[in-house]
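Reader: I would like a close look at one part of this model, the charged pairs between side chains. Please set out where they sit and what lies around them.

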Amino acid sequence: LTKFESKSARVKGLAFHPVRPWICASLHNGVIQLWDYRVGTVIDRFEEHDGPVRGVDFHLHEPLIVTGGDDYKIKVWDYKLRRCLFTLLGHLDYIRTVQFHPNATQFPWILSASDDQTLRLWDFQKRSCLSVLTGHNHYVMCAAFHPSEDLIVSASLDQTVRVWDTTGLRKKQLGGPAAADQGYPGMTDSNGNRGQSAAAATALNVQAELFGTNDVVVKYVLEGHDRGVNWAAFHPT
C-alpha cells in the first residue's frame, strides 16, 4: 500500500495508465496531474481548463489523455508532446465523465456525460460529435462503454440507469463513405442521385443537436431507485 500526497485542490477524477505505473488525477482547481505511483511523485501537470475537471481517461495504446470539465470543454492531451491537442465543444453544462472507447484503434470514440442531461459520442480523429444521446431528464452523472459489446451504460439524478445500443453507429462507421453519405431516406441530390447534400448534412446536424440521432438507441431503462443514481458500471463479461 502506497500513500502519496501533495498540497492540492480536491481530486475529482482518477485514471490508471493501462501499462505504465501512472495515475492521472484531475483536480477541482483545473489542474491535471500525472503521477508515478511507484515513486509517489508528480511527473507532469497540464493546465488549460477553467474550473474543476471531473472526468479523465487514458487511451489504451496512444499517448493520449482525455479530460472533461466544468468549463463545458473536453480536451485531448498528448502527454509525450506535453500539450493539449484540441478541444471538443458542444456540451451546455458541467461534464461529469469522459472515456475512450475500449477498442479506440478501430473506433476513435470518446463518450461524455454531462449535467446538460445528455451523453455525447465524439470522433476524436475527425474532432466532431457523432451522436447526442437524449432521454435522461436530470444531470447524467456517469457514462461508460461496455468492454466488448455495442453497449453504453449511464446513470442519472433522474433516478434511472439507461443501457444504450450503439450497433447502428458502429455499422454506420464501418460502412465507409457510402454509409456516411446517407441522407434522409429517399433523398436525392440535384442529379437525381441518392446521397446527402450540404443542406441535408446541416439539417441532420441540427436534428442531432435537437433530438439526438437514431444511430444509438435506448435498450433498457432500469427504474426503482428512489434517489438519483451517481454511478453505474458493466460487469467485465
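Author: **Salt bridges and the nonpolar core**

The structure holds eight salt bridges, a salt bridge being a side-chain nitrogen of Lys or Arg within 4 Å of a carboxyl oxygen of Asp or Glu. This is a predicted model, in which local features need pLDDT of at least 70 and side-chain atom pairs count only at pLDDT 80 or more, while totals for chains, interfaces and linings use all residues. Residues are numbered from 1 along each chain as its sequence is written, and side-chain values use heavy atoms, with hydrogens and water left out.

Side chains of opposite charge can pair when their charged atoms come close. One of the salt bridges joins Asp 150 and Arg 170, at 2.6 Å from N to O. Asp 150 lies in the loop between β13 and β14 (151-156), and Arg 170 in helix α1 (residues 167-174), so the pair ties together parts that are 20 residues apart in sequence. Helices (H or I, at least four residues) and strands (E, at least two) are DSSP runs, numbered from the N terminus. Asp 150 is partly exposed, at 22% relative accessibility, and Arg 170 is partly exposed too, at 23%. Here buried means under 20% relative accessible area, exposed over 50%, and partly exposed in between (1.4 Å probe, protein chains only).

Asp 165 and Lys 219 form another salt bridge, at 3.9 Å from N to O. Asp 165 belongs to strand β15 (residues 161-165) and Lys 219 to strand β16 (residues 217-222), so this pair links distant parts of the chain, 54 residues apart. Asp 165 is buried, with a relative accessible area of 17%, whereas Lys 219 is partly exposed at 43%.

Glu 47 and Arg 45 also meet in a salt bridge, at 3.2 Å from N to O. Glu 47 counts as exposed at 53% relative accessibility, and Arg 45 as partly exposed at 43%.

Next comes the nonpolar core. A nonpolar core is a set of buried Ala, Val, Leu, Ile, Met, Phe, Trp, Tyr and Cys residues joined through side-chain atoms within 4.5 Å. The largest one has 15 residues, and Trp 109, Leu 111, Leu 119, Leu 121, Leu 133 and Ile 152 touch the most other members. Two or more residues come from each of β10 (109-114), β11 (119-123), β12 (128-133) and β13 (140-145). Beyond its neighbours within four places in sequence, Leu 121 is in contact (heavy atoms within 4.5 Å) with residues including Trp 109, Leu 133, Phe 145, Ile 152 and Leu 169.
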